[in-house]
Amino acid sequence: VRFSRTDISFGVNFSVLALVWYTGMLRNIPPDYKLIYAIPVIVSVLFFLLTFRLRRIFAASGYRWFTLLMATGFTGFEFLRQHLPTAQFAMLGTSQYSHPSVIQVASWFGVPGITFLVIMVNCTIALPLVPGFTPGRFKLHIAANLLIIAFLVSLNFILLNRPVVETGRITASAVQLGLAPEAHNQGTLAVSAALMKEKKSAEATLFNLEIMEKLTARAVKDKAEIIVWPEIILLSDPFITPAIKERISALAVKSRAYIVVPFLEYDKNEIDKPHPSSTNGTWVVSPEGKYIFRYLKQHRVRAFGIEKGPAGTINDPPDTTLGRLGLFICYDTDYNDLVIDQVNKGAEILVIPTHDMAEFITRHHPYMIMFRAVEHGRSMVKADFVHGTMITDPRGRIISDPADGTCVVTADVPLCRTRTLFHVLAPLFGTACCFIFLAAALLLSRKRSKDTALL
């Protein structure tokens, strides 16, 4: 406020901050995806439209509603943004991923609930900087802020220390290929990178399968009961490639474990296009070598023509002797509808093959997805094509977050069927924030207009 003398400059300041924040996260995007840089521009424009009138409202009301408007406005915007193509990318609450004692309110209010807490704390700290601040004048404002913060912090500790009701435990492994599209020196993976770039499906599938067999053998030594491979690790559907199908079946029998086998099958009529249509899916192969379940990615990255092809419609968690698996592919979990649906159908663990792209996204995306574990009280096993492999417990505590490179991680994790309040409270909380912000902004604007007219 002190650095914004006009409404326009106030909105521009917010807009520039949003632009810098988003652009920083998108640095070093691979060449074929440069259009993604349009996202920060779009978000910065939205920030300007949402904030440029706030300065006069703050000033006219003597900053009495500073925290209310900032907290509900920012939180409401993030709640609405969950349904846009940007999904939950770069939400403020995600920044607290490494603090289990702060993020448990997500099981009630979702990530926007954590954002609300962060904004409340920051607004309380910023109050002494607003024009005309005196402790006496703002004592009720400060007291209300501290009361809300104390409630949310206490709720976090209560939820964190509440025992997890387990329906069983399994030993799960997640494989990380470690092939980063933006890296120049891939070592032995350079062969895989070249084959996949040239869309040589048969050769790339065989090369990657050999790597997966070796990493699967490591998981077997750790007595893994389920082994999750990364998204698009095979460039052909193994079920329609007899030699590959039998080879993976034999591997599952030898491993005596369930293997989650993702694939990408290009449309042969579009193979020469930069972004050909494709089928993006995954099979679950049983320890008996049977292909028991086929899942197709349902939220495909349609923006800018990045992913084209059929989307899946089946969203039933497959039953196994280990338990009921909540199976998703990467972008599916950037939204919450599919996760809610599978949890309601009895999914006891979240299994997520992914392909995170480049640089900061390879770290930000797994931390974003881990909030699905907190929101629904489920362990998460995420295997990544690049560097985003991760295993967490139902409270979002990170069990395995390996360094960059080719590896496999294994952990003993609980299965759960209890349901959190997220599916009820999160939409109510987000909607309430939107309504309160809009109603307060409208009423305060009208009040200022009347006061100006009287003068």
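Which residue just after α13 takes a positive phi? Keep that in mind as you go; the model is predicted.

**Stop 1: helix α13**

Select residues 361-376, which form helix α13. At 1.5 Å a residue, its 16 residues should span 22 Å. The end C-alpha atoms are 23 Å apart, which agrees. Now show the surroundings. Of the 16 residues of α13, 16 are buried, so the helix is largely enclosed by the rest of the structure. Step just past the end of α13 to find Gly377, the answer to the opening question. Its phi is positive, about 65 degrees.

**Stop 2: helices α7 and α8**

Select residues 111-126 for α7 and residues 139-161 for α8. Two packed helices are described by the angle between their axes and the distance between the axes. Here the angle is about 145 degrees, and the axes of α7 and α8 lie 10 Å apart. Their crossing is left-handed.

Next, show the side chains where they meet. From α7, pick Phe116, Leu117, Met120, Val121 and Thr124. From α8, pick Asn145, Leu146, Ile148, Ile149, Leu152, Val153 and Asn156. By class, this contact has 9 nonpolar and 3 polar residues, and no charged ones.

**Stop 3: Gln342**

Go to helix α12, residues 337-344, and select Gln342. Is Gln342 buried or exposed? With a relative accessible area of 1%, Gln342 is buried. Leaving out residues up to four places away in sequence, Gln342 touches Tyr295, Asn315, Asp316, Pro317, Leu325, Gly326, Leu327, Phe328 and Ala347.

**Stop 4: Arg417**

Move to the loop between β11 (407-416) and α14 (422-454), and select Arg417. Arg417 is partly exposed, at 44% relative accessible area. Arg417 and Lys345 are 72 residues apart in sequence, and 9.6 Å apart in space, C-alpha to C-alpha. Which residues is Arg417 in contact with, leaving aside neighbours within four places in sequence? They are Thr167, Arg324, Gly346, Glu348 and Arg378.

**Stop 5: the cysteines**

Select Cys416. At 0% relative accessibility, Cys416 counts as buried. Then select Cys434, which is also buried, with a relative accessible area of 14%. How many disulfides does a search of the whole structure find? The search finds 0. Cys434 is in no disulfide. Its nearest cysteine sulfur belongs to Cys433 and is 7.0 Å away, while a disulfide needs the two sulfur atoms within 2.5 Å.

Definitions and conventions
Residues numbered from 1 in each chain as written. Predicted model: local features only at pLDDT ≥ 70, side-chain atom pairs only at ≥ 80, totals over all residues. Heavy atoms only, no water. Axes fitted to C-alpha atoms, helices over the stretch in contact; angles between N-to-C directions. Helix = DSSP H or I, 4+ residues; strand = E, 2+ residues; numbered from the N terminus. Left-handed = near helix turned anticlockwise from the far one by under 90°. Contact = heavy atoms within 4.5 Å. Nonpolar A, V, L, I, M, F, W, Y, C, P; charged D, E, K, R; others polar. Expected span 1.5 Å × (residues − 1). Buried < 20%, exposed > 50% of the residue type's maximum accessible area, 1.4 Å probe, protein only.
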